[in-house]
Amino acid sequence: AGDKVGEAGGGRLGVAVRPLSPQEQRAAETEGALVVQDVTGPAARAGLRPGDVILSVNGQKVKDVEQLRAQVAKAGKRAAILVERGESRIFVPVELG
């Protein structure tokens with residue numbers, strides 16, 4: 001099961017993520033460590049999708065759920081989430097709840 005991020009304290013993002021295994025990272029040729037499993041609320045409205053690999057929040061790389069929570073909490077009302085989706089890297093601006 002994934003970890004919900006941003007439920008308490010700071011902004012609320014509305015994603016459930018899980019760590020990528022080293023094999024998945026190699027297969028996807030990504031340095032990202034977290035894959036989105038489910039989206040609700042702010043993340044869904046912003047266009048994040050299951051399968052997106054989260055690379056950074058507001059320019060800070062995130063390697064685990066704790067780093068993601070910390071960056072979302074620091075972000076306040078808005079976060080620029082860099083994700084890898086297929087072959088593309090895209091910034092998704094999220095208005096945090």
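Predicted model: local features only at pLDDT ≥ 70, side-chain atom pairs only at ≥ 80, totals over all residues.
**Entry 1: the elements.** Next I looked up the helices and strands, and I found 3 helices and 7 strands in the protein. Reading from the N terminus, I noted the order β-β-α-β-α-β-β-α-β-β.

Entry 2: How much of the protein counts as buried? I found 41% of its 97 residues.

**Entry 3: the cores.** I then turned to the largest nonpolar core, which has 21 residues. Leu-13, Val-17, Leu-48, Ile-54, Leu-68 and Ile-81 touch the most other members. Which elements give two or more residues to this core? My list has strands 2 (15-19), 3 (34-39), 4 (53-57), 6 (78-85) and 7 (88-95), along with helix 3 (65-75). Helix 3 provides the largest share, 4 residues. I also found a second, separate core of 5 residues, with Val-35, Val-53, Leu-55 and Leu-82 among them. In soluble globular proteins, nonpolar side chains tend to be buried together.

**Entry 4: one serine.** I picked Ser-56, which lies in strand 4. Is Ser-56 buried or exposed? Its relative accessible area is 6%, and the cut-off for buried is under 20%, so Ser-56 counts as buried. Which residues does Ser-56 contact, leaving aside neighbours within four places in sequence? I wrote down Lys-61, Val-62, Ala-80, Ile-81 and Leu-82.

How values were computed. Residues numbered from 1 in each chain as written. Heavy atoms only, no water. Core = buried A, V, L, I, M, F, W, Y, C linked by side-chain atoms within 4.5 Å. Buried < 20%, exposed > 50% of the residue type's maximum accessible area, 1.4 Å probe, protein only. Contact = heavy atoms within 4.5 Å.
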